[in-house]
Structure formats: structure tokens, C-alpha cells
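Welcome, and thanks for taking a look at this one. Please open the structure below and keep it at hand while you read the briefing.

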Amino acid sequence: MPVVTCIEDLRELAKRRVARAIFEYVDCGSYAEQTLRANRADLEAIALRQRVGIDVDRRSMRTTMAGQEVAMPVALAPTGLTGLNWADGEMLAARAAERFGVPFTLSTMSICSIEDVAGAVTKPYWFQLYVMRDRGFAASLIERAKQAKCSALVLTLDLQIQGQRHRDLKNGLAVPPKLTLATAFDILRKPGWALNVLKGKRKSFGNLEGRIPDAKSLTTLSQWIAGQFDPTLSWKDVEWVKNLWGGKLVLKGILDAEDAKIAASSGADAIVVSNHGGRQLDSTISSIRALPEVVDAVGGRIEVWFDGGIRSGQDVLKALALGARATMIGRAFLYGLGAMGEAGVTRALEIIRNELDVSMALCGLRDVKDASRSILRAP
Ligand SMILES: Cc1cc2nc3c(=O)[nH]c(=O)nc-3n(C[C@H](O)[C@H](O)[C@H](O)COP(=O)(O)O)c2cc1C
């Protein structure tokens, strides 16, 4: 096994091991991928401020997210089809997160179900909700998350209609994965992945069992999904979800100061500044560029979290410096899962923790909660 020192190493390993259609589903963004690239480029353009002569012997990365203690300000973001990177992937990632002391968020579009994950962990995890046209079904998901004792509901607002990822169409991405002439060559070259995924408890959407009318006639994932999400989703529905749920509520997919102000008055506990990892509106701004205006707009009335482009602890520190209380990671943990299963998720978290810790020290910062613009160089 090669020595893994950074998230990019995990990405390379995942690329070699996971079937191309699944790896590219994770790796790619929508349309021309301008926003996907901007997420990285704008983070890279920010410079940390090196300081010396400050005692940084005792450092702390502990903080809270929506009232929950976390070992570091990093949660696993909700991601669809996680269990096709590695059999039972959601259960493994949830377990790795629990052992590490950070939150795991299960996507509505997961392979393992709400109940599967509840059975794999000992502490509460978070559930992410997509509001479907069928409100009765959305309500039943909320009820299942309550029964499973999930400790926060993450309501995603930026997928009222689905952006297109060219690669998913070209690859004929199908759920459950299909062996076709087009995919056979790649899958046969990835026997380890194929045998492993075959062993998994499920190969299709665990939370939607019985809801997909005739899975066999569906050729691509996009075809089916496109008809499910509710484009009428409005702030009134946020209120409806909040009342039904009654617990900690996180609104994900805020990228604009005006929306952030409305969110801050909605009674939710946190917002996630996010463009869905460059997978939805292409040509919109990077999340890191949107972060300062959102932080200013809400003026401390609601916790502001950040995701989009994080591949290192340095990236986490930059987001905190620009006013985020905490962050979420998507691809960084998925590469770990695809490369090495549960151990890979743990490795991804360790890498980010170690980078965050060393970078804090070299910026003269002892407590992650004290991160501010003073640890950044002016552009
Ligand atoms: C493969 C993949 C699947 C995703 N599926 C979901 C999802 O089901 N629900 C959701 O709210 N966000 C989803 N997202 C967006 C992530 O929650 C998160 O916003 C994004 O990954 C952050 O960017 P990063 O991957 O650069 O860290 C997905 C992202 C990826 C990469």
C-alpha cells in the first residue's frame, strides 16, 4: 500500500479502484465545471499569515456545531450514492466519523437507509432532506429520521431542479450499477470494486425502497431523479419542515446575502454556505467568495458553516478565518472511502486534522474558535 500523505493521494487511489462512472460522479461538477474549479482556485488564492514568537504549545480544535461538541470544526457532508464507492459506505463513513468525534450526514439519496445507519452507530447522526414533490413522502422521511434519533436535519435548498453533469450522461450512470457493453471493460478492470460492491447490503437507494416505480426500465439516474425534486420549494416549506421536525435545523445551499438574511430569520440553527460542490448552478461564484458577504449579512444571528473545495486543513482554516464557525467536506472523505473504505475515511479526517493543527500553530493560533481575518494576509 503506498504511503498516503494528503487527500490527493486518496483521490488517486480511489480513481484506480472505483468504477469510472462512480468515480466521475464523485469527482465532476455540472456543465463546464467553472464553479467547481472556482471553489478550488479561490481557496488556493488566499494566503495565511505566518507568525512567530507566540507560544502555541497547547492547541485546541474542539468547538460546537449547532450545539453539538465536535473534535474539530469539520462534518461529513451529505453525499448521494456513497455506498457505491464501497459496500455499505454510509455505515462505514458514519462509524469512522463517530469514532473521530465529528458529525456524519446521511443523504436522502444514500444507498444505505436511515435505519441501516442507525444500526451501525451508537450516537445520533444527521439526516439531509431533499423535499420531493410527494410531500407525504418528505414527511415520512422526517418521521423516519426522528425514529432513528437523528440529532439534526440538514435541509438542502439548492437542488430544487437538478444541474447536469455531462460525465454522468456519457457514462450512462445507473443505479443499481449495470454491466453493459459500454461499462464492461472498465468494470472488469476493477474486480476488487465490483466484488466488494456486490457484497454490500444494498445496491440502490435505501431510503426510497418501494418508491421507484419500475427501476428496470430506467436507464440513467438523472432521468429518474429529475422528476422527483420539487421546484416549488419555498421559504413557506422551510417553515413546514421546521415545524414537522421540531429539532436542530440546518439550511444548506445559501450563496447570497439576501437569502442568508431570510434564513437567519427562519428560526433555523445554522446555514451552510454552499454551491453543492460546483454540481448545480455553473458559473456562479465560489463558496469561499460568497462566505464573507453571508457572514456580514447575518451578523451573528445564526451559525454560518462552509463547504466547497476543501481538500486540506489549510482550507478549513481559511474558511474559519473568513467567519465560518465550521465546515463540511464532501469529496475529501469520499476519496478516502473509495480508496480504502472505513480506514480511508478515518485517514482523510486525520490528514485534515493534522494539517489544521500544524497550520494553526504556524499562524500563532492556539484555539480554533479564535480564528479571524487576522490570520490571513491581505490579497
Ligand atoms: C458525489 C456527491 C454527491 C452529493 N450528494 C449530495 C446530496 O445528496 N445532498 C446534498 O445536500 N448535497 C450533496 N452533495 C454536495 C455536498 O453535500 C457538499 O455540498 C459538497 O460536496 C462540498 O464540496 P466538496 O465536495 O468540494 O467538499 C454531493 C456532493 C458530491 C461530491
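At what angle do helix H4 and helix H16 pack, and how far apart are their axes? In this predicted model, H4 (residues 89–100) packs against H16 (residues 342–362) at about 40 degrees, and the two axes are 8 Å apart. The points below start with that pair, then turn to two further helix pairs, the ligand and the backbone.

**Helices H4 and H16**

- The angle of about 40 degrees makes H4 oblique to H16.
- H4 and H16 cross in a right-handed sense.
- On the H4 side, the residues that meet H16 are Leu 92, Ala 93, Arg 95, Ala 96, Ala 97, Arg 99 and Phe 100.
- On the H16 side, Glu 342, Val 345, Thr 346, Leu 349, Glu 350 and Arg 353 meet H4.
- Sorted by class, the contact of H4 with H16 holds 7 nonpolar, 1 polar and 5 charged residues.

**Helices H12 and H13**

- Helix H12 (residues 257–264) and helix H13 (residues 287–298) pack at about 40 degrees, with 8 Å between their axes.
- H12 and H13 are therefore oblique to each other, and their crossing is right-handed.
- H12 brings Ala 257, Ala 260, Lys 261 and Ala 264 to the contact, while H13 brings Glu 293, Val 294, Ala 297 and Val 298.
- The contact of H12 with H13 is made up of 6 nonpolar and 2 charged residues, with no polar ones.

**Helices H2 and H15**

- The axes of helix H2 (residues 20–27) and helix H15 (residues 331–340) come within 10 Å and cross at roughly 160 degrees.
- Angles over 145 degrees count as roughly antiparallel, so H2 and H15 are roughly antiparallel to each other.
- H2 passes H15 in a left-handed crossing.
- Phe 23, Val 26 and Asp 27 of H2 make the contact with Arg 331, Leu 334 and Tyr 335 of H15.
- In the contact of H2 with H15, 4 residues are nonpolar and 2 are charged, and there are no polar residues.

**Around the ligand**

- Which residues come nearest to the ligand? Of the 23 residues around the ligand, they are Pro 78, Ser 107, Thr 156, Asp 307 and Gly 309.
- Thr 156 has a side-chain N or O atom 2.7 Å from an oxygen atom of the ligand.
- Asp 307 places a polar side-chain atom 2.7 Å from an oxygen atom of the ligand.
- Gln 128 has an N or O atom in its side chain that is 3.2 Å from a nitrogen atom of the ligand.

**Backbone details worth a look**

- Most peptide bonds are trans, and most residues other than glycine have a negative phi.
- Where does the model show a cis peptide bond? One joins Val 175 and Pro 176, with omega at about -5 degrees.
- Pro 176 sits in the loop between helix H7 (166–171) and helix H8 (181–188).
- Tyr 31 is not a glycine, yet its phi is positive, at about 50 degrees.
- Look for Tyr 31 in the loop that runs between H2 and helix H3 (34–44).

Notes:
Residues numbered from 1 in each chain as written. Predicted model: local features only at pLDDT ≥ 70, side-chain atom pairs only at ≥ 80, totals over all residues. Heavy atoms only, no water. Axes fitted to C-alpha atoms, helices over the stretch in contact; angles between N-to-C directions. Helix = DSSP H or I, 4+ residues; strand = E, 2+ residues; numbered from the N terminus. Parallel < 35°, antiparallel > 145°, perpendicular 65-115°, else oblique. Left-handed = near helix turned anticlockwise from the far one by under 90°. Contact = heavy atoms within 4.5 Å. Nonpolar A, V, L, I, M, F, W, Y, C, P; charged D, E, K, R; others polar. Near = heavy atom within 4 Å. Polar contact = N/O pair within 3.5 Å; in protein donor to acceptor, adjacent residues only side chain to side chain.
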